[in-house]
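Dear colleague,

Please find the structure below. My notes on it follow.

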Amino acid sequence: MPEQLERVLATEVSLRSRLRHTAGGLAGGCGVAMIAVLWVTEPNALPTPCPGRLRRTDGHGSAWAVFAGWVLSGRRPLFALHRVPAARIALAATVVTTLAGVALAAVRSAVPPT
């Protein structure tokens with residue numbers, strides 16, 4: 001039993017695991033930064049649906065960045081504890097994106113071609 005525990009512990013605190021969380025946090029943070037730059041430098045007012053979509057995307061990126069910071073700030077292995085919020089973030093992002101895609105498809109199919 002101690003050998004299994006040592007293997008699991010080594011996996012959870014490994015450099016590879018830390019680098020994966022760092023990459024996820026950086027990706028989320030960079031996405032938020034890119035959207036903020038796009039939003040601030042846009043010379044004209046954005047079309048009606050864009051601000052809401054940009055806020056949603058910022059929310060997803062911020063969630064991943066905060067989650068990665070939480071995982072990386074821990075001094076001990078988190079085991080399954082960090083998988084629960086990660087799964088919730090992924091589920092929420094997937095549901096929102098899917099619903100937005102379905103709504104967009106429904107609106108686009110209802111408009112006759114010109």
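**Confidence and contents**

The chain has an average pLDDT of 81, and 82% of the residues score at least 70; pLDDT is the predictor's confidence in each residue, from 0 to 100. This is a predicted model, in which local features need pLDDT of at least 70 and side-chain atom pairs count only at pLDDT 80 or more, while totals for chains, interfaces and linings use all residues. Residues are numbered from 1 along each chain as its sequence is written, and side-chain values use heavy atoms, with hydrogens and water left out.

Helices are DSSP runs of H or I with at least four residues, numbered from the N terminus. Where pLDDT is low, the predicted coordinates should not be read in detail.

**Aromatic pairs**

The structure holds 2 aromatic pairs. Rings of Phe, Tyr and Trp (its six-membered ring) pair if their centres lie within 6.5 Å; planes under 30 degrees apart count as stacked, over 60 as edge-to-face and the rest as tilted. Trp64 and Phe67 make an edge-to-face pair, at 6.0 Å centre to centre with 80° between the planes. These two residues are 3 apart in helix 3 (residues 50-73), so about one helical turn separates Trp64 from Phe67. Phe67 is buried at 8% relative accessibility (buried means under 20% relative accessible area, exposed over 50%, partly exposed in between, with a 1.4 Å probe and protein chains only). The pair of Phe67 and Trp70 is tilted, because the ring centres are 6.0 Å apart and the planes stand at 45°. Phe67 and Trp70 are likewise 3 residues apart in helix 3, about one helical turn. Trp64 is partly exposed at 30%, and Trp70 is partly exposed at 37%.

**Surface patch**

A nonpolar surface patch is formed by Leu91, Val95 and Leu99, with about 290 Å² of accessible area together. Patches take residues with over 30% relative accessible area and no salt bridge, nonpolar side chains (Val, Leu, Ile, Met, Phe, Trp, Tyr) being joined within 5 Å and like charges within 9 Å. Accessible areas come from the Shrake-Rupley method with a 1.4 Å probe. A salt bridge is a side-chain nitrogen of Lys or Arg within 4 Å of a carboxyl oxygen of Asp or Glu. Val95 lies in helix 4 (residues 83-110) and is partly exposed at 39%.

**Cysteines**

A search of the whole structure finds 0 disulfides (pairs of cysteine sulfur atoms within 2.5 Å). Cys30 is partly exposed at 46% relative accessibility, and Cys50 is partly exposed at 25%.

Regards
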